[in-house]
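Visitor: I have not looked at this structure before, and I would like to learn how to read it feature by feature. Could you take me through it slowly?

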Amino acid sequence: MKNYFLLVFLCSLSFVMAQETSNFEKSPIFPECESQPIEALKACFNSKLNAHIFNTFKVPQIVNDDSYNGEVKVLFEVDKDGEISVLYVDAVYDELKEETKRVFEDLPKITPGTYNGKPTFFQYSLGIKIPLVNPAEIQIKEDDTTIVDIKTTTDLNDDVSNEYDAVKDSIVPYQKLEYSSQLNIPFTHNYYARFDQQMNGLGTNSHTAAKPYMYDEVSAYYDFKAEKEALIKGSDAWWSRKLWNEHLVEVQGKDYWFTADPVFDLQVGTDTEADFSTTYNNTRGIFIQGGLGKKFNFSASVYESQGRFAQYFNEYAFRIRAEGGEPIVPGRGLAKTFKDNGFDYPVAEGYLSYTPAKFINIQFGHGKNFIGDGYRSLLQSDATSPYPFLKLNTKFWKIKYTNTWMWLRDVRRDVTEDGAFLTKYMANHYLSWNVSKRLNIGLFESVLWTNDNDRGFDVNYLNPVIFYRAIEFSTGQDAGNAILGASAKYKWNNKVNLYGQFILDEFSLNDITGGEKSWKNKYGYQLGVKYFDAFKVDNLLLQLEYNRVRPYTYSHNTIVLNYAHNNQPMAHLWGANFSEAIVIGRYTYKRWFADAKFIFGKRGFDFNDGDDLANYGSNIYRSEVDRNANTGITVGQGNSTNVFQADLAGGYIINPVTNLRLFSNVTFRNYNPQANTAAALDANTVWFTLGVRTDIFNWYNDF
């Protein structure tokens with residue numbers, strides 16, 4: 001009998017608690033609804049809201065012109081502070097979406113809803129009839145209102161039992177938020193050519209040298225969404241959309257979004273000069289990017305690769321090998337030998353991007369950077385392996401100021417201790433100033449230093465506005481290596497741009513003006529021109545560029561302070577002691593593309609034989625102490641080598657959102673040195689490749 005009464009008591013108590021739980025909730029209170037009883041608050045809220053919409057909503061002209069009759073679906077939220085924010089709008093016209101957002105932004109702050117006496121979040125769905133209907137004719141059923149309660153108590157499991165469903169239900173269709181984000185646009189010369197003309201229009205206040213660009217920098221001049229939509233093909237089937245038009249994974253919620261895609265570089269080819277029959281590359285990976293809120297973005301990519309390349313490419317990978325004998329795949333990183341003449345080389349890149357204010361962006365990551373308007377850069381290039389970096393972009397008035405701090409490696413046997421590679425540091429300043437609507441000038445300075453006297457990352461160089469040359473001098477004569485540079489760009493008109501760079505590694509006025517061609521004249525320069533829509537052919541870009549760097553530039557008498565990382569130059573990938581002329585043509589038509597590049601160069605290598613071990617100035621890793629002479633230094637001195645390389649490429653873009661493309665490429669390369677050495681072999685190469693690639697970084701083979 002006692003058990004029976006106990007059971008009845010517990011059931012009764014459960015019924016009472018269930019009834020009380022339903023009464024713990026109080027709806028948000030719209031102004032002028034404060035005097036209403038609790039049960040009437042929701043109806044009053046709906047009435048006032050619809051009255052506000054009816055009185056302030058201005059139907060766009062295009063909607064009226066089309067005599068459109070339909071509805072705008074709105075998902076909005078009242079937060080625990082009483083602020084109303086739109087989470088998602090669905091409408092046929094973008095103009096209706098924008099007008100809906102404007103109307104909701106004009107709503108007054110209201111009294112937040114509560115649960116168990118504490119403020120909480122409420123979400124509502126609402127339909128706005130078009131043409132507008134008087135509020136008296138609108139009836140919103142209470143069952144149609146979606147409420148998501150975020151409880152503040154954890155005493156009852158019921159309080160949080162719907163939390164997972166609330167998160168799941170908050171997912172909305174992906175709105176391509178990457179194109180307005182502070183994410184970097186993956187830097188490839190081919191893709192950047194699509195919006196190069198728009199970025200360089202007369203009168204624009206854009207800054208085009210520091211790369212990669214962020215989407216929100218370029219979206220002011222170029223419509224990424226329109227570009228992708230113009231290339232849409234296939235059906236509405238899931239597999240067709242993912243193959244031709246979309247990211248594989250697209251997720252968007254209230255305060256977050258992310259995408260994920262597989263990455264491929266699968267190619268097969270042949271090299272006429274190689275001892276092996278075929279070349280190949282087999283890269284598989286994943287590329288993820290996303291955003292949290294409006295100020296924080298992230299990106300990550302991981303690659304696993306095996307490859308065998310043209311013979312000259314493979315020989316270079318072994319020539320720049322690390323201390324332990326591991327080859328270095330140029331532009332990628334350390335590798336292990338794989339089967340016959342192949343390499344196994346994993347690579348990981350990624351960064352975090354934070355924009356605390358409109359004028360400043362901070363990035364911390366592992367990747368590469370580039371400074372310049374040309375194909376090459378004499379200041380900072382992306383030809384080397386990825387490295388850790390911290391970057392600060394500041395933009396105001398006509399100025400963009402880029403500060404980059406980098407952690408680099410010297411992997412040579414000479415500087416390795418106990419099997420550990422030497423860490424060295426680099427800090428760069430680049431100031432870009434739009435002097436007029438046609439002229440831009442840039443000022444560059446860089447300093448390298450090592451962990452001398454356990455100084456580590458020297459805080460002297462953390463100051464983003466200090467002059468590096470003065471600090472480098474004050475820390476000791478051989479404590480660092482400072483380099484100065486300048487750039488310029490002149491917009492002749494909307495079709496033609498002129499650009500150039502100047503790099504100065506050492507300055508001695510007496511030696512420069514002495515006329516004796518001193519070895520201390522360590523400088524280089526670049527001159528170039530771009531012709532957009534050349535000869536009135538849409539989407540045809542022609543480019544001509546000349547680069548010349550004197551011997552010993554980028555090197556140092558303290559050999560670890562050379563301008564390099566992972567045995568690869570941080571500027572021009574030919575190092576120093578060279579001149580070259582480059583002719584480039586790029587053409588796109590819908591999803592088709594074609595590129596052509598011709599390089600005519602002269603390089604001067606060391607002989608490194610028993611009779612002549614002198615440093616002629618091309619190898620930036622050698623000490624200047626071993627130079628061949630003090631005066632009479634000329635470009636191309638030493639083992640003079642004529643270089644010709646032509647790259648012809650073409651293909652079809654499978655998915656413009658991920659830049660997955662079918663391609664074919666043929667490389668003609670001729671090396672004609674004065675004497676055959678390990679660094680300069682007489683070679684005549686024809687390398688043909690065919691494959692499919694997710695093209696999201698530059699990969700150079702013209703060294």
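Guide: What follows is a walk from the whole chain to a few of its details, bearing in mind that this is a predicted model.

Visitor: How many helices and strands does the chain have?

Guide: The chain has 13 helices and 33 strands. Of its 703 residues, 52% count as buried, while the chain as a whole exposes about 32,700 Å², of which carbon and sulfur atoms supply 56%.

Visitor: Among contacts between residues at least 6 apart in sequence, what share joins residues at least 24 apart?

Guide: That share is 66% in this chain.

Visitor: Which residues of helix 2 and helix 4 meet?

Guide: From helix 2 come Leu49, His52, Ile53 and Thr56, and they meet Glu99, Arg102, Val103 and Phe104 of helix 4. Sorted by kind, the residues of this contact divide into four nonpolar, two polar and two charged.

Visitor: Where should I look for cis peptide bonds?

Guide: The general idea is that most peptide bonds are trans. In this structure, the bond from Ile130 to Pro131 is cis, with omega near 0°, and Pro131 is found in the loop between strand 6 (122–130) and helix 5 (163–169). Another cis peptide bond joins Lys211 and Pro212, where omega is about 5°; Pro212 has its place in the loop between strand 7 (210–211) and helix 8 (215–218).

Visitor: What is phi of Phe535 and of Lys590, and are these residues buried or exposed?

Guide: Phe535, however, has a phi near 55°, a positive value, and lies in the loop between strand 25 (523–531) and strand 26 (540–549). Exposed means over 50% relative accessible area, so Phe535, at 61%, counts as exposed. Lys590 also has a positive phi, near 55°, and its place is in the loop between strand 29 (578–589) and strand 30 (592–605). With a relative accessible area of 55%, Lys590 is exposed.

How values were computed
Residues numbered from 1 in each chain as written. Predicted model: local features only at pLDDT ≥ 70, side-chain atom pairs only at ≥ 80, totals over all residues. Heavy atoms only, no water. Contact = heavy atoms within 4.5 Å. Helix = DSSP H or I, 4+ residues; strand = E, 2+ residues; numbered from the N terminus. Nonpolar A, V, L, I, M, F, W, Y, C, P; charged D, E, K, R; others polar. Buried < 20%, exposed > 50% of the residue type's maximum accessible area, 1.4 Å probe, protein only. Areas by Shrake-Rupley, 256 points an atom, 1.4 Å probe, with all protein chains shown as cover.
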